[in-house]
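Hi,

Here is the structure we talked about. Please open it first, then read my notes below.

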Amino acid sequence: MVDENQLRKVIGLADACELLASATPFPGEDLASALMDGGLAEDARACLEDCGMAPDEAAAVCAPWSRLVGQSAGSILADMRRTHSLLFVRQGSGVAVWPYESAYLHVEAGREGEPALFRSSVTLDVEKAMREAGVLPKDSRVEPCDSVWDEFTFLSYLLGNEASALNSGDAEAAELHRGRAAAFAERHAARWLPGFFSAVEHRLPDVAKPDSASQLFFGGLCAYGRCVMGLVSGR
């Protein structure tokens, strides 16, 4: 018999990871529109409620995104793109916050020199986990697969497969995917993503004006990302 409550929580967490996978790359028009019309905030809140969070707590986490409802999608997009570049793309002083696990950990450990983006042991281990699960990003040859967005995509894939197995009553398959998700979180995602979001939050005042669209978006992204990682690690 399907445990509907458990299934709802797994689906909610898979959807939350998918949302973060869509919200963390270089911003596009769809993201700006979803902020303007309230769709992103509503979807994000619904995911947290499905995971078992109380409605008022979920609304509080998503509050920064709700403040962007009704603003111009074009101005939201322009501001987000500028801030995204200042945070994650090399500037004259370097990269403010690396959006790749290996590079982020390289800097956090205080290692000297440029981080290796493709052939590091961390990146290769992420690639191995994805290959073993039968999924690898199409652009893995041109962009490291240990990016924030690719790791959230992978977690969403594993959690989605767990939910499908639970729904069909296949306990063995559900346990397999649950174990893979837990192992990946322990070995990779949980090791750096909470710190990554805190680092972005710390650097945000340097690159975004108070109450600007990008400050609200990235501030909300950091709060939501840490919240979701807490749920992933607490399973």
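Start at tyrosine 224. Leaving out neighbours within four places in sequence, tyrosine 224 is in contact with Ala16, Leu19, Leu20, Ala44, Cys47, Leu48, Val61, Cys62 and Trp65. Keep in mind that this is a predicted model.

Which residues touch the most other members of the largest nonpolar core? They are Trp65, Phe152, Phe217 and Tyr224. That core holds 71 residues. Helix α10 gives the most to this core, with 12 residues. There is also a second, separate core. It has 6 residues, including Leu7, Ala163, Leu166 and Ala174.

**The whole protein**

Now zoom out. The protein has 11 helices and 0 strands. Read along the sequence, the pattern is α-α-α-α-α-α-α-α-α-α-α.

How does the radius of gyration fit a compact globule? A compact globule of 235 residues would have a value near 18 Å. The protein has 18 Å, so the two agree. Along the principal axes, the C-alpha trace spans about 55 × 45 × 25 Å.

Of the 235 residues, 48% count as buried. Take the contacts between residues at least 6 apart in sequence. Of these, 72% join residues at least 24 apart.

**Helix α7**

Find residues 101-108 next; they form helix α7. Is α7 largely enclosed or open? Of its 8 residues, 6 are buried, so α7 is largely enclosed by the rest of the structure. The buried ones are Glu101, Ser102, Ala103, Tyr104, Leu105 and His106. What do they pack against? Their partners are α8 (121-132), α9 (148-167) and α10 (171-207). Just after α7 comes glycine 110, with a positive phi of about 75°.

Where is aspartate 211 placed? Look in the loop between α10 and α11 (213-233). Aspartate 211 has 52% relative accessibility, and the cut-off for exposed is over 50%. Therefore aspartate 211 counts as exposed.

Next, go to glycine 160 in helix α9. Glycine 160 is partly exposed, with a relative accessible area of 24%. Arginine 178 is 18 residues away from glycine 160 along the chain. The C-alpha atoms of these two are separated by 9.8 Å.

Last, look at aspartate 30. Aspartate 30 lies in helix α2, which covers residues 29-36. Buried or exposed? Aspartate 30 is exposed, with a relative accessible area of 70%. Aspartate 30 and alanine 73 are 43 residues apart in sequence. In space, they are 9.2 Å apart, C-alpha to C-alpha.

Best wishes

Conventions: Residues are numbered from 1 along each chain as its sequence is written. This is a predicted model: local features need pLDDT of at least 70, side-chain atom pairs count only at pLDDT 80 or more; totals for chains, interfaces and linings use all residues. Side-chain values use heavy atoms; hydrogens and water are left out. Helices (H or I, at least four residues) and strands (E, at least two) are DSSP runs, numbered from the N terminus. The radius of gyration is taken over C-alpha atoms; the globule rule is 2.2 Å times the number of residues to the power 0.38. Buried means under 20% relative accessible area, exposed over 50%, partly exposed in between (1.4 Å probe, protein chains only). Contact means heavy atoms within 4.5 Å. A nonpolar core is a set of buried Ala, Val, Leu, Ile, Met, Phe, Trp, Tyr and Cys residues joined through side-chain atoms within 4.5 Å.
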